[in-house]
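Hi,

Here is the structure I promised to pass on. Have a look at it first, and then read my notes below.

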Amino acid sequence: MTQRVTVTLDDDTAGALDAFMARRGYANRSEAMRDLIHGGLARAAEEAGDPPGDCVAVVSFAYDHDERELGRRLLDTQHAHHEIGVATLHAHLDAHHCVEVALLRGPAREVRPFAEALIAERGVRLGRLNLMPAPGGAHRHDRGHTAEPMA
Ligand code: NI
């Protein structure tokens, strides 16, 4: 189901919208405005607090491979939170610089502090956290709880 909403924009705002669409490659205004509305609503939801159920989070950051013990500290921190880590992508950008993307899933009260701690590590730069409610809501954390012990 969709609804048609008519919006009146002053010329400056319409011009800014057209410039935004040109920069991002949008073909029509409805699509651009939908994305802008979704972005604004997501920010508003974030200001209102984290979702009560599970969330999915993408943490991205860059760091200097030469920073003393940093790679090791990041790895240790992630192992200590293995139950909310889903996947990690690491790329060696050049001889010194790494970029990492960690995908997390779990209760926001666990995911957010962990993500913020990663970003706050000394030597970590350009840290960004994108946290969203998990599609499908709560998720049973049965990994590691129901598995038979390894022989
Ligand atoms: Ni690397």
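Let me start with a definition: I call it a salt bridge when a side-chain nitrogen of Lys or Arg is within 4 Å of a carboxyl oxygen of Asp or Glu. Before the details, note that this is a predicted model, where local features need pLDDT of at least 70 and side-chain atom pairs count only at pLDDT 80 or more, while totals for chains, interfaces and linings use all residues. Residues are numbered from 1 along each chain as its sequence is written, and side-chain values use heavy atoms, with hydrogens and water left out.

Salt bridges

By that rule the model has 6 salt bridges. One of them joins the side chains of D76 and R72, at 3.1 Å from N to O. Both sit in helix α3, and because they are 4 residues apart, about one helical turn separates them. (Helices, H or I with at least four residues, and strands, E with at least two, are DSSP runs numbered from the N terminus.) D76 is partly exposed at 40% relative accessibility, whereas R72 is exposed at 51%. For those words I use relative accessible area with a 1.4 Å probe and protein chains only: buried is under 20%, exposed is over 50%, and partly exposed is in between.

Another pair is E67 with R122, whose closest N and O atoms are 3.2 Å apart. E67 is partly exposed at 25%, and R122 is exposed at 58%.

Then there is R29 with D18, again with the closest N and O atoms 3.2 Å apart. R29 belongs to helix α2 and D18 to helix α1, 11 residues apart. Both are partly exposed, R29 at 40% and D18 at 35%.

How α1 and α2 meet

At what angle do the axes of α1 and α2 cross? Roughly 95°, and they come within 10 Å of each other; the axes are lines fitted to C-alpha atoms, for helices over the stretch in contact, with angles running from 0 to 180 degrees between N-to-C directions. The two helices therefore count as roughly perpendicular, a label for angles of 65 to 115 degrees (under 35 is roughly parallel, over 145 roughly antiparallel, the rest oblique). On the α1 side the contacts (heavy atoms within 4.5 Å) come from A14, L17, D18, F20 and M21, and on the α2 side from R29, A32, M33 and L36.

Other places to look

Q78 is in helix α3 (residues 70-80) and is buried, at 14% relative accessible area. Leaving out residues up to four places away in sequence, Q78 touches T88, E100, A102, F114 and L118.

E116 is in helix α4 (residues 108-120) and partly exposed at 40%. From Q3, E116 is 113 residues away in sequence and 38 Å away in space, C-alpha to C-alpha.

Finally, V5 sits in the segment before α1 (11-24) and is exposed at 62%.

Cheers
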